[in-house]
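Dear colleague,

Please find below the structure I am handing over to you, with its sequence. My findings follow directly after it.

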Amino acid sequence: MVALSLAKLAGATVMVTLTTADDAIWLVPYTAPYLPLSTRIIHGVLFISTLEILVCACVAVSSLFQWAVVTKKTPNIKWPNDEIILGAIGAAICWAIAIFLFIKKCLKKRRRAAAAAAAAAAAQRENPNKSENERDLHRASTHRVSNQYGSINTNEDEEDDISSSPSPWAVVSFTTLGALDEVSFFPSLLLGGMFTPFDLCAGTFLAACIVLAVVTFFLGRCKPVLDFLDRIPLYGIVSAFATVLTIGVIIDVRMDSSQ
């Protein structure tokens, strides 16, 4: 029993780490060494606390669903057991979120391709005699490492614009906006019984500490790992959990019908 609990806690920690690590690059300037230690600590605590609050909200949503399922059944109808109903709801929500994230990813790729084509056409019109190699060199010299929160300029000569005083609203806002997609499927995992509320809350705390430590101390060494995680689509991770929940529901239905 203890081994199973530890395994679930480890699984929740790994899941949250995988889904949030690649989107935490924005945290780099807010934990930079040139900032006062007190400011860096405040930013780190706000990052962890905001993630925990979001997960607690997911637990509340899951509890509300469970209460609605358990208390609102019609007595005259023979219902499957609660585990099957909650598991089916969790799997359905997971699949819906995975499909939404897939469509969102496809639309984003189309917008980026259209923007790139428009920019290339505009550059060609403005500089018809400029060679493609020269344009590539220009793009490389102004390259910026970007994510959904903004961008980090690779030019070392640019002045840092992060104030030495704490920026609580910025950290809370960026953490919330970045984690909304990641935590959107957490209630379905709770409904499906994959994790307990304690597993998810404790796993989120450990994962947030790991991500914060990596971004603050080991980003240079772990950048290839973060790049690899960034290439893993979130809809793929959600689809994997949806598949597991669906298989669990099918097994529960067969076991319930055989009794």
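A polar atom in the side chain of Thr 50 lies 2.6 Å from the backbone oxygen of Leu 46. Please note that this distance, like every other value in this message, was computed from a predicted model. Thr 50 belongs to helix α2 and counts as buried, because its relative accessibility is 8% and the cut-off for burial is under 20%. Leaving aside neighbours within four places in sequence, Thr 50 is in contact with Val 172, Thr 175 and Thr 176.

Helix α5 spans residues 168–183. This helix has 16 residues and reaches 21 Å from its first C-alpha to its last, close to the 22 Å expected at 1.5 Å a residue. The buried residues of α5 are Val 171, Thr 175, Gly 178, Ala 179, Glu 182 and Val 183. Thr 175, one of these buried residues, is also one of the contacts of Thr 50.

Thr 19 lies in helix α1 and is buried, with a relative accessible area of 3%. The side chain of Thr 19 reaches two backbone oxygens: that of Met 15 at 3.0 Å and that of Val 16 at 3.2 Å. Both Met 15 and Val 16 are themselves buried, as are Leu 9, Ala 12, Thr 13, Thr 17 and Thr 20 in α1. As to the length of α1, its 19 residues should span 27 Å at 1.5 Å a residue, and its end C-alpha atoms are 27 Å apart, so the two values agree.

The loop between α1 (2–20) and α2 (37–71) contains Ile 25. Is Ile 25 buried or exposed? Ile 25 counts as buried, because its relative accessibility is 10%. The C-alpha atoms of Ile 25 and Val 215 are separated by 7.0 Å, although these residues are 190 places apart along the chain.

How many disulfides does the structure hold? The structure holds 0 disulfides. The closest cysteine sulfur to that of Cys 56 is in Cys 201, and because the separation is 4.4 Å, it is too far for a bond; a disulfide would require the two sulfur atoms to be within 2.5 Å. Cys 56 is partly exposed, with a relative accessible area of 42%. Cys 106 is also partly exposed, at 31%.

Finally, a word on confidence. The chain averages a pLDDT of 76, and 73% of the residues score at least 70. Confidence is highest in helix α7 (residues 197–217), at 89, and lowest in strand β2 (residues 150–153), at a mean of 43. Over residues 140–160 the pLDDT is below 50, and this stretch has 26 contacts in the model beyond near neighbours in sequence. Where pLDDT is low, the predicted coordinates should not be read in detail.

Yours sincerely

Notes. Residues numbered from 1 in each chain as written. Predicted model: local features only at pLDDT ≥ 70, side-chain atom pairs only at ≥ 80, totals over all residues. Heavy atoms only, no water. Helix = DSSP H or I, 4+ residues; strand = E, 2+ residues; numbered from the N terminus. Buried < 20%, exposed > 50% of the residue type's maximum accessible area, 1.4 Å probe, protein only. Polar contact = N/O pair within 3.5 Å; in protein donor to acceptor, adjacent residues only side chain to side chain. Expected span 1.5 Å × (residues − 1). pLDDT = per-residue confidence, 0-100. Contact = heavy atoms within 4.5 Å.
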